[in-house]
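Here's a quick briefing to read with the viewer open. Have a look at the fold first, then come back for the details.

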Amino acid sequence: MTVPNHVAIILDGNGRWAKRKGMPRSYGHVKGCENLEKVCSVAKELGVKYLTVYAFSTENWKRSKEEVDSLMKLFRNYMKKCLKIAKENRMRVKIIGDPSAFDLDLQEKIKELEVYSAQFDELHFQIALNYGSRDEITRAVRQMGEDIQKGVLDPKQIQEDTISSYLDTRELPDPDLLIRTSGEERLSNFLMWQLAYTEFYFTDVPWPEFDKAEFEKAIAKYNQRDRRYGGVKEE
């Protein structure tokens, strides 16, 4: 079985999963965060080299203050915990998105984690925080415009690779497989440039219940696709 080199996951369904259990949405986020630790180990075990997850979008700021504050507290704790996870999995961690919107202490924890984990390369783990694909492309175009004004970039020489080099994912290969949990079937402003030739897998399983068996189902479905021409492989 061919294992995709780069898997991207939209971590969906934490709040709805908690509500069905009669618990607050924050409980679902805590359990979803715990599951992310397990899935990192599973990804490495299965042979995935790059794992990118959508944890907090630019639109998530519109949620209630109580939920956003709860998420920020969770991120602070996770950044510290992720130091241990990075060492255990020899995992390099990178945050994509615009962390400047976060409080300074959280920005410092992000920097600490990225610097510490830079020594590892067995699994490349990207966490999208305050990320939105439109925002990413807007920031990229703004930087390109500044470089053109400075004479660093010749607009006549701009190619697809040039644009990719200005994105948050410039050091990464494009995803081979996108997984979205909890039944929704949309991108929700996630990696829209990078997913141009990616295979999509949607599952009704909510993120807190997504385990190794579900990951293997997604990879099995990926193997049914014809990556040369698109479409389902002929029997």
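At what angle do the axes of α2 and helix α3 (residues 65-89) cross, and within what distance do they come? In this predicted model, the two axes cross at roughly 20° and come within 10 Å. Angles under 35 degrees count as roughly parallel, so α2 and α3 are roughly parallel to each other.

**α2 against α3**
- The crossing of α2 past α3 is right-handed.
- Sorted by class, the contact of α2 with α3 has 8 nonpolar, 5 polar and 6 charged residues.

**α2 against α7**
- Helix α2 (residues 25-46) also packs on helix α7 (residues 212-222), at an angle of about 45° and with the axes 10 Å apart.
- That makes α2 and α7 oblique to each other, and α2 passes α7 in a right-handed crossing.
- Val39, Val42, Ala43, Glu45 and Leu46 of α2 make the contact with Lys212, Phe215, Glu216 and Ile219 of α7.
- This contact of α2 with α7 splits into 6 nonpolar, no polar and 3 charged residues.

**Asn130**
- Asn130 sits in strand β4 (residues 123-131).
- Its relative accessible area is 6%, so Asn130 is buried.
- The Asn130 side chain reaches the backbone oxygen of Asp98 at 2.7 Å.
- Leaving aside residues up to four places away in sequence, Asn130 touches Phe56, Ser57, Thr58, Trp61, Gly97, Asp98, Ala101 and Phe102.

Definitions and conventions
Residues are numbered from 1 along each chain as its sequence is written. This is a predicted model: local features need pLDDT of at least 70, side-chain atom pairs count only at pLDDT 80 or more; totals for chains, interfaces and linings use all residues. Side-chain values use heavy atoms; hydrogens and water are left out. Helices (H or I, at least four residues) and strands (E, at least two) are DSSP runs, numbered from the N terminus. Buried means under 20% relative accessible area, exposed over 50%, partly exposed in between (1.4 Å probe, protein chains only). A polar contact is a pair of N or O atoms within 3.5 Å; within protein, one must be able to donate a hydrogen and the other to accept it, and residues adjacent in sequence count only if both atoms are side-chain atoms. Contact means heavy atoms within 4.5 Å. Axes are lines fitted to C-alpha atoms, for helices over the stretch in contact, and angles run from 0 to 180 degrees between N-to-C directions. Angles under 35 degrees count as roughly parallel, over 145 as roughly antiparallel, 65 to 115 as roughly perpendicular and the rest as oblique. A crossing is left-handed if the near helix is turned anticlockwise from the far one by less than a right angle, and right-handed if clockwise. Ala, Val, Leu, Ile, Met, Phe, Trp, Tyr, Cys and Pro count as nonpolar, Asp, Glu, Lys and Arg as charged, and the others, Gly among them, as polar.
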